[in-house]
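Here is a short briefing on salt bridges and ligand contacts. Please keep the sequence and the model open while reading.

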Amino acid sequence: MDRREAIRRAMMGSAGLALAPYASGMIQPEQQLDFTAADFGDDFLWGAATAAYQIEGAWNVDGKGPSIWDTFTHKRGNVQNNENGDVSCDFYHSYPSDIGLIKQMNMDVFRFSTAWTRVLPNGIGQVNQKGLDFYHRVIDSCLEQGAQPWLTLYHWDLPQALEDKGGWQNRDVINWFEEYVDLITRTYGDKVKNWMVMNEQASFTIVGYMLGMHAPGKMWPKNFLPTCHHSTMCQADGGRIIRANVPDANVGTTFSCSPIDPVNEKKRHDKTTRRFDALVNRLYIEPPQGLGYPMEDLPMLRKMEKYILDGDMKRVEFDFDFYGLQNYSRMVTKSNGIIPWMAGNPIAPKNLKPRPEITEMKWEVHPEGIYDMLKYFDKYEKIDKIIVTENGCAFPDVVEGDFVHDKQRKKFYQDYLRQVLRAKREGVNVAGYFAWSLLDNFEWAEGYHPRFGLVHVDFETQKRTIKDSGLWFQEFLSEG
Ligand code: BGC
């Protein structure tokens, strides 16, 4: 029996039970952990997250229209090695077995997004039935295999046809977005109960419309400010449409967030620290709660006033059932007003002594950061429930036959989870944790080099191998 077959049998057991390779002695457990999955509680949700453009491939198959990411990646020079998501993990064809991986790791939730141009190739108007059928198949496969489908409506892939009409800068995007959300929620609302309107408004507005490093590659506040306001409007409108169309919906949205730590602790309350916090965190988290935009701490936002019409600030409010918290690292600021982020490095780890562990994204490993952000969210009166909808890291993997060793990733998850539990024990209502990501995938402007998966993907053969970190989750969750 070869090693692969041995591990398959060990994982499945003769009665189809998940017998982990740890239990079979094939992988030696390291030091004993000081917590178990049971410590998080019986109803705590465990899952893994993905996004349409990053995994689906099939970019022009079965009537799909182009999105801004198709256009952006097809232009040379925008992405490392000129890579693109044309094929990616080919999830379009391998979805049943990929969803099966969730269950193999003993997780409950598969978080994915729908690609707007698969169902509405031009963004509005003509509906593509084959696109709708695809997500029916994905959702049905989740339900058949016992994985809960958690659907994100917008993970950055705006239809190119709408970008051509001004995209997020055009206020009409509110109507376009409503049409799309209405279609998706009416189509799948009887089967999908857990919804997220947007993925990280901060990332796509700042990186795509101010820094020009993501699609559609636009820069400067003149593009960023209308994008920011219109997407804030869409986020709340999207929430209302879900609630109207889906009985018993659990409605959320997700936020990227980072603690802002000044190099010099004495500067914690100074202008630079507050400015960063306003730009990275408060600008997005506060409007749905009726707290407006943080204009006093970020004066450039005053220029947004010309896009805000009467009644808008009421309309951006929405009482989400949960806030999705997505944290990877922290930002370290120096009080000279220079934004290290602008130089392409959000964290400026070189400012820190001793030099911390850094991932392939050049982000600092800082587990306490997720604790800080859970506490930060918890301070808001209107945030009742939090779910960590993304957390993860890119490190090089060591592929050895049918094993993929990723010691640093495993430790990363253990260290971050310890901090999640710490916050939970202190009373923060954190109800779930979704790892980023299920599979190695297309990492936006970085292409295929940084690998975030719990499951290794060989992009030549499309072979999947659960990494040691994924096997660790399998073992950890089998005890929960
Ligand atoms: C995004 C993912 C991305 C991950 C790692 C998150 O901000 O939602 O799409 O791959 O970070 O960069």
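**Charged pairs and the ligand shell**

D397 is buried, at 18% relative accessibility (buried means under 20% relative accessible area, exposed over 50%, partly exposed in between, with a 1.4 Å probe and protein chains only). The model is predicted: local features need pLDDT of at least 70, side-chain atom pairs count only at pLDDT 80 or more, and totals for chains, interfaces and linings use all residues. Residues are numbered from 1 along each chain as its sequence is written, and side-chain values use heavy atoms, with hydrogens and water left out.

- D397 forms a salt bridge with R409 at 3.0 Å, N to O (a salt bridge is a side-chain nitrogen of Lys or Arg within 4 Å of a carboxyl oxygen of Asp or Glu).
- This pair links distant parts of the chain: D397 sits in the loop between β9 (386-390) and β10 (398-400), and R409 in helix α14, twelve residues apart. Helices (H or I, at least four residues) and strands (E, at least two) are DSSP runs, numbered from the N terminus.
- R409 is buried, with a relative accessible area of 0%.
- Shared partners join D397, D406, R409, D440, R451 and K467 into one network of salt bridges.

**Other salt bridges**

- The model has 33 salt bridges.
- D39 and R425 pair at 3.6 Å, N to O. D39 lies in the loop between α1 (3-12) and β1 (45-49), R425 in helix α14 (residues 407-425), 386 residues apart.
- D39 is partly exposed at 34%, whereas R425 is exposed at 58% relative accessibility.
- R240 and D237 pair at 2.7 Å, N to O. Both are in helix α10 (residues 221-245), and they are separated by about one helical turn because they are three residues apart.
- R240 is partly exposed at 32%, while D237 is buried at 7% relative accessibility.

**The ligand**

- The ligand is surrounded by 13 residues, and the closest are Q54, N199, E200, E390 and E443 (a residue counts if one of its heavy atoms lies within 4 Å).
- That shell divides into six nonpolar, four polar and three charged residues.
- A side-chain N or O atom of E200 is 2.5 Å from a ligand oxygen.
- W444 places a polar side-chain atom 2.9 Å from an oxygen atom of the ligand.
- For Y328, a polar side-chain atom lies 3.4 Å from an oxygen atom of the ligand.
- Taken alone, the ligand exposes 310 Å², and the protein buries 94% of that (areas come from the Shrake-Rupley method with a 1.4 Å probe).

Notes
Polar contact = N/O pair within 3.5 Å; in protein donor to acceptor, adjacent residues only side chain to side chain. Nonpolar A, V, L, I, M, F, W, Y, C, P; charged D, E, K, R; others polar.
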